[in-house]
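Look over the sequence and the model together before reading on.

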Amino acid sequence: MGVDLGGVSVGVLDHFNIRTRKLTETVRFYEDVLGLENGARPNFAFPGAWMYSEGRPVVHLVDISPTAEPQKPDSGVVHHVAFVSRGFEAMKQRLTSKGMKFDSRQVPGGDLWQIFVHDPNGVMIELNYEAAREQGTAPAEMADDIGRQ
C-alpha cells in the first residue's frame, strides 16, 4: 500500500516515448519482434507512430529525422522499460528466429522469468513472465543486475 495522498494517485504507467531517427526500423522492431500493432495516432504536426499492445498505445514514437535533434544512443538514465508478458518459450524462439540478441533469466526465488532485448535505438526492453503460468525450462536464476556496467 502506498502513502495516503487524500484520494490522489499517480496510477499505472500509460506509455513510454522514444524520439528516433530510425522510425521505420523502430516500428518494424515493435511490430515484427515484440508483436505490437502500429495503430491510430492523433494528427500531430510531427511524424511518428503509436504502437499498441492489447488495445492500448503503450509505445509512442516520434520521428526526429526532420529536425536537428541528435539521436541519443540509448534510454539515458531510464535503464529499461518492462512489460508483463505471456509465452516465454515462444518469445525466445521468435527472437532467435529473427537473429535478435537477448538474455533470459529467472529472478531469485523463481516466481518471475525474464527476457531482455534492445530495440534499434538501444532501449532495453524487459519482458516479464509469471513462472507458474509458463511452460518450458526455467532459465538460470540470476541475482546480478542485468545491463550493469
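## Basis of the report

This is a predicted model, in which local features need pLDDT of at least 70 and side-chain atom pairs count only at pLDDT 80 or more, while totals for chains, interfaces and linings use all residues. Residues are numbered from 1 along each chain as its sequence is written, and side-chain values use heavy atoms, with hydrogens and water left out.

## Overall layout

The protein chain has two helices and eight strands. Here helices (H or I, at least four residues) and strands (E, at least two) are DSSP runs, numbered from the N terminus. Read from the N terminus, the order of the elements is β-α-β-β-β-β-α-β-β-β. The C-alpha trace spans about 50 × 50 × 35 Å along its principal axes.

Of the 149 residues in the protein chain, 35% are buried. Buried means under 20% relative accessible area, exposed means over 50%, and partly exposed is in between (1.4 Å probe, protein chains only). An unreviewed UniProt entry carries the annotation "domain: VOC" for residues 12–130; UniProt positions are given in the numbering used here, feature names are shortened, and annotations may be inferred rather than shown by experiment. The span 12–130 is 18% helix and 39% strand, and its end C-alpha atoms lie 19 Å apart.

## The largest pocket

Rolling a probe the size of a water molecule over the atoms shows where empty space is left. A pocket is found on a 1 Å grid over the protein atoms alone, as an open set of points where a 1.4 Å probe fits, with protein on both sides within 12 Å along at least five of seven lines; lining residues have an atom within 4 Å of a point. Grid points are joined across faces, edges and corners, and a volume is the space filled by probe spheres set on the points.

The largest pocket holds about 820 Å³ of space. It is lined by 27 residues, and those closest to its centre are Ser53, Glu54, Phe83, Val84 and Ser85. Strand E4 (56–63), strand E5 (81–85), helix H2 (88–97) and strand E8 (124–130) each supply at least two lining residues, and E5 gives the most, with five. By class, the lining has 13 nonpolar, six polar and eight charged residues. Ala, Val, Leu, Ile, Met, Phe, Trp, Tyr, Cys and Pro count as nonpolar, Asp, Glu, Lys and Arg as charged, and the others, Gly among them, as polar. Where does the largest pocket lie relative to domain 1 (14–65) and domain 2 (73–140)? Both domains give residues to its lining, so the pocket lies between them. The domain bounds come from an automatic or database domain assignment.

## The second largest pocket

The second largest pocket holds about 320 Å³ of space. Among its 16 lining residues, Asn17, Ile18, Asp74, Ser75 and Val123 lie nearest the centre. Strand E1 (residues 16–20) gives the most to this lining, with four residues. The classes here are seven nonpolar, five polar and four charged. The second largest pocket lies between domain 1 (14–65) and domain 2 (73–140), because both give residues to its lining.

Helix H1 covers residues 23–33, and its buried residues include Leu23, Thr26, Val27, Phe29, Tyr30 and Val33. After H1 comes Gly35, with a positive phi near 85°.

The whole structure has six aromatic pairs. One of them joins Phe29 and Tyr30, edge-to-face, at 4.9 Å centre to centre with 90° between the planes. Rings of Phe, Tyr and Trp (its six-membered ring) pair if their centres lie within 6.5 Å; planes under 30 degrees apart count as stacked, over 60 as edge-to-face and the rest as tilted. Phe44, Phe46 and Trp50 form one aromatic cluster.

## Three single residues

Asp63 lies in strand E4 and is buried, at 15% relative accessible area. Asp63 and Arg21 are 42 residues apart in sequence and 5.7 Å apart in space, C-alpha to C-alpha.

Asn43 sits in the loop between strand E2 (37–39) and strand E3 (48–53), and it counts as exposed at 80% relative accessibility. Between Asn43 and Gln71 there are 28 residues in sequence and 23 Å in space, C-alpha to C-alpha.
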